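Please keep the sequence and the model at hand while reading.

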Amino acid sequence: MYSDTNKKLTRPVTLSKLRKMKQEQEKFTCLTSYDATFTGAMNAASIETILIGDSLGMVVQGQDSTLPVSIEDMCYHIAAVKRGNDNAFLLADMPFMSYSKPEQALDNAAKLMQAGAHMVKLEGGSWLKDTIGLLTERGIPVCAHLGLTPQAVHKLGGYKVQGKDEATAALLLKESLELEAAGTDILLYECIPSELGKTLTEAVNIPTIGIGAGPHTDGQVLVMHDMLGVTQGRKPRFVKNFLTDGRSIQEAFEAFSDEVKSGTFPAPEHGF
Ligand code: KIV
């Protein structure tokens with residue numbers, strides 16, 4: 001049973017704190033969580049940001065992609081994480097097709113925020129400008145997810161590295177700047193070359209988070225089941241199992257934090 005005797009983050013992590021960490025070149029951590037108990041262990045390990053990812057479709061529900069996840073599923077897991085959370089900043093995914101039009105996005109983002117999210121995350125590029133403008137004007141912080149966007153897996157033809165050639169890398173830079181100008185608060189990059197992760201992080205003034213995007217992004221995220229080594233089947237190259245050497249789960253979270261902060265994770269072999 002989760003006990004809150006051990007929580008370490010003494011003050012709530014806010015967007016201003018994450019911006020300051022970027023300015024001061026201090027790395028921040030992010031892990032996915034879907035329930036109260038693991039969230040408590042992440043708090044105890046001082047993980048600054050927690051993502052209630054629609055990856056829950058795959059790692060919790062056993063679906064073969066994130067596409068079947070609903071707004072109701074997201075609200076259920078956000079509420080559970082919120083109940084277990086003390087001071088971490090909570091990002092929540094807007095599920096597939098819940099933000100295809102700006103007004104629809106506003107209604108659905110409001111549901112996630114009311115369930116307990118501090119920020120919503122949307123997958124996509126320049127087509128999201130109006131939606132992000134509307135959400136952020138209404139006081140809803142937004143993280144935009146670029147690069148490999150799992151909700152578009154069938155369009156992308158699989159879970160493949162993005163931005164490998166000059167044209168697609170330039171498009172990612174253009175879209176990042178446009179989304180920043182539209183009001184985006186955080187950019188998350190998945191599966192892009194490490195050098196591109198560096199270029200993009202240096203090009204924007206807002207914090208960036210990477211997964212398979214090299215060591216230069218301001219924050220690093222992993223899916224909890226992956227970093228605890230419990231995901232079955234082929235592991236993506238960017239995954240590292242931290243539940244080794246007889247560590248407890250909380251110690252695995254702490255090891256992830258230590259390695260992100262010291263710059264030892266991700267190592268070159270985790271990048272593209
Ligand atoms: O849903 C999720 O867990 C994510 C991460 C892969 C970043 O979006």
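How much space lies in the second largest cavity? About 30 Å³ of space lies in the second largest cavity.

## Basis of the model

This is a predicted model, in which local features need pLDDT of at least 70 and side-chain atom pairs count only at pLDDT 80 or more, while totals for chains, interfaces and linings use all residues. Residues are numbered from 1 along each chain as its sequence is written, and side-chain values use heavy atoms, with hydrogens and water left out.

E7 pairs with strand E6 (residues 186–190) in the parallel sense over four bridges; strands pair if DSSP finds at least two bridges between them. Glu-190 stands opposite Ile-211 in E7. Strand E8 (residues 219–222) also runs parallel to E7, joined by two bridges, and Gly-219 in E8 is the bridge partner of Ile-209. E6, helix H9 (residues 194–203) and E7 make a right-handed β-α-β unit (with the strands pointing away from the viewer, the path from the first strand over the helix to the second runs clockwise).

Gln-220 is found in strand E8. Why does Gln-220 count as buried? Gln-220 counts as buried because its relative accessibility is 3%. Its side chain reaches the backbone oxygen of Gly-214 at 2.9 Å.

The structure holds two cavities of 30 Å³ or more. On a 1 Å grid over the protein atoms alone, a cavity is a set of points where a 1.4 Å probe fits but cannot get out, and lining residues have an atom within 4 Å of a point. Grid points are joined across faces, edges and corners, and a volume is the space filled by probe spheres set on the points. The largest cavity has a volume of about 40 Å³; its lining includes Gln-220, Gly-214, Ile-211 and His-270.

## The pockets

A pocket is an open set of points with protein on both sides within 12 Å along at least five of seven lines. About 750 Å³ of space lies in the largest pocket. Of its 33 lining residues, Tyr-159, Glu-190, Asp-226, Pro-236 and Phe-238 lie nearest the centre. Helix H3 (56–59), strand E4 (119–123) and E6 each supply at least two lining residues. By class, the lining has 15 nonpolar, nine polar and nine charged residues.

The second largest pocket has a volume of about 470 Å³. It is lined by 21 residues, with Gly-124, Gly-125, Trp-127, Thr-149 and Ala-152 nearest its centre. Helix H8 gives the largest share of this lining, four residues. The lining has nine nonpolar, nine polar and three charged residues.

Technical notes:
Ala, Val, Leu, Ile, Met, Phe, Trp, Tyr, Cys and Pro count as nonpolar, Asp, Glu, Lys and Arg as charged, and the others, Gly among them, as polar. Buried means under 20% relative accessible area, exposed over 50%, partly exposed in between (1.4 Å probe, protein chains only). A polar contact is a pair of N or O atoms within 3.5 Å; within protein, one must be able to donate a hydrogen and the other to accept it, and residues adjacent in sequence count only if both atoms are side-chain atoms.
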